[in-house]
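Keep the viewer open as you read.

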Amino acid sequence: MNVPDPQIQPTRPPIRQLDDAAANRIAAGEVVERPASAIKELVENAIDANARRIEIAYGDGGKTLLRVSDDGYGIPADQLTLALSRHATSKIDGSDLLNIHTFGFRGEALPSLGAVGRLSITSRAEGSDSAAQIAVNGGEMSAVRPAALSRGTVVELRDLFHATPARLKFLRTDRAESGAIIDVIKRLAMAEPLIGFTLRDVSGGGEGRVVFQVEQQTGDLFDALHARLAKILGTDFAANALRIDAERENIAITGFASLPTYSRASATAQYMFVNGRPVRDKVFYGAIRGAYSDFLHRERHPALALFLECDPTLVDVNVHPAKSEVRFRDPGLARGLIVSALRHALAEAGHRASTTVADATLGAFRPENTPVAPVYQMESRGTSFMPMRPQSYAPPPPQNGFGEVSPTYSARVEVIDETPVTASQPLGAARAQVHENYVIAQTPDGIVIVDQHAAHERLVYERLKRQMEQNGVAAQALLIPEIVELDAGTQANVLAAADELAQFGLVIEDFGGNAICVRETPALLGEVNAAALIRDIADELADLDQTQTVKDRIEAILSRVACHGSIRSGRLMRAEEMNALLREMEATPHSGQCNHGRPTYVELKLTDIEKLFGRR
């Protein structure tokens, strides 16, 4: 380590104005992190140009070639040079930087790409008789010359980062960079269902191979979005997605979110958009977690695509160079709208469970040599997920001499009611009870298998929650208030949530300095380590800008109470009891899944059952 000599005074270097080439390379470091971010900038420009079809090609993970072709309104020949100048854009006039209605508005993408690669733009403006082309290599711009193009614009970028070779060392493998490009295009395709997208890998030369393609959707916007999401997220998601449509104080939210019984092990299938712009925002993630907290285990995540639309002045999209983060003027309003919209959709779903539950059940009936994708089901205790594998039929044990071995199965068939099952009874009429735990019901077009304990547990739990909402959460005053020391920023965050915490029986107040005084705690929690609870809340507020800790703990206790107060496994149920359970499930929201997102029943259609027996 070199220690400077205090006797030697360092000379201060003069302030200099950087040249345009250096400024563009610095801007490229912010805007163009990798090939996928370059593709994002170029495709967003095509969307802003009112393109209806966009074709993207890349080679070697985007390192050697990136090309975006569109049928938009193009760039006039006399403006191509200006398009490659810094901070030159047709999308804003600079008078109001918060009133943004387009994607790319900084005017940095094209000159930045030209500063770090070999860039060419060929464009034919709408109404023009001919096309023109301009090229830039490492910041050196060529003259505009005539070119051949029927309409729109083609932007081609070769040898990305050839002018800054050090940055090539930080790129990942071709496969990883290709995956990032595909992810970017999928997100943009979700946001723009009325535009057709084609993505090709031309690493081997020629036309290459199509790795992603969606056709332009038509008709109603909701139907178009549903069809587009089915193409991108799969038909299973489309079949098990709830429509989201709500509005509050000039902010609207639309999209689709999955049923709790259709969940993932991570949040990778959560896509969020603000004014059509794909974003990753902790306000969104916290709101989604809060909305599903009562229906999913903490380690399971719903799949969804949510689109928030608001006045551009209510959200700042310019807080991140890649525009992947946003800042709301009123984050509480946005968060509250997301939570209420999701919870309303879940309540409207009633007792509905995902179709994949029935698919897994049918798969379990197939012979062992039939390949079946594993279906993950949460264990009743703990947090791990174990795959369910098909089980072949096992005959009852043989008789030993004159003594019979008791069978390991049991079933009771109820006397069939002559009254036909109607469509007003979607869960049907009880016909049998198997293993003293599963109710078999006949529906108009199939059968339903109900887990009596899980179903009744959910019903009791919903009843307890309604009672708590009506009567409030009882609080117990501490004989000696507990003082919790925090740092200044953390204390301010926790105190800002004091009103929300008081609703759940946790009463806190400022004690001066950086301390918080805890005066009351929720009675349901019994003896509480107030300091640990407050610090958990502080960590959650720092991470998600909201807290679910107290609410989650209270609901966990209600869930345990519901478990002990529900019909136990192994109990014999009369026909009228089973039918009463079915009717209450039909009338109770969220009864299609238990508190951890497991299904409470499985529905098998008669057509599927007939296929198992070769009747179809």
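The paragraphs below take the cores, then the strand pairings, then the helices on the sheet.

This is a predicted model. Begin with the interior. In soluble globular proteins, nonpolar side chains tend to be buried together. Here the largest nonpolar core holds 58 residues, and Val43, Ile54, Ile56, Ile185 and Phe197 touch the most other members. Helix 5, residues 174-191, gives the most to this core, with 8 residues. Take Ile54 as a probe. Strand 1 (residues 53-59) runs parallel to strand 8, joined by 6 bridges. Tyr58 has Asp201 in strand 8 as its bridge partner. Strand 9 (residues 209-214) runs antiparallel to strand 8, with 5 bridges between them. Asp201 pairs there with Arg209.

Next comes an open sheet of 5 strands, in the order 10-11-16-13-14, with mixed pairing. Strand 10 (241-248) and strand 14 (277-279) are the edges, each pairing on one side only. From one strand to the next, the twist averages 20°. Inside this sheet, strand 13 (residues 270-274) and strand 16 (residues 304-310) run parallel and share 5 bridges. Val274 stands opposite Leu308 in strand 16.

Two helices meet these strands. Helix 5 lies across strands 13, 14 and 16, at about 60° to strand 13. Helix 9 (residues 331-348) packs on the sheet and touches strand 10, strand 11 (251-258) and strand 16. The direction of helix 9 makes about 140° with that of strand 10.

Note on methods
Residues are numbered from 1 along each chain as its sequence is written. This is a predicted model: local features need pLDDT of at least 70, side-chain atom pairs count only at pLDDT 80 or more; totals for chains, interfaces and linings use all residues. Side-chain values use heavy atoms; hydrogens and water are left out. A nonpolar core is a set of buried Ala, Val, Leu, Ile, Met, Phe, Trp, Tyr and Cys residues joined through side-chain atoms within 4.5 Å. Buried means under 20% relative accessible area, exposed over 50%, partly exposed in between (1.4 Å probe, protein chains only). Helices (H or I, at least four residues) and strands (E, at least two) are DSSP runs, numbered from the N terminus. Two strands pair if DSSP finds at least two bridges between them. Axes are lines fitted to C-alpha atoms, for helices over the stretch in contact, and angles run from 0 to 180 degrees between N-to-C directions. Contact means heavy atoms within 4.5 Å.
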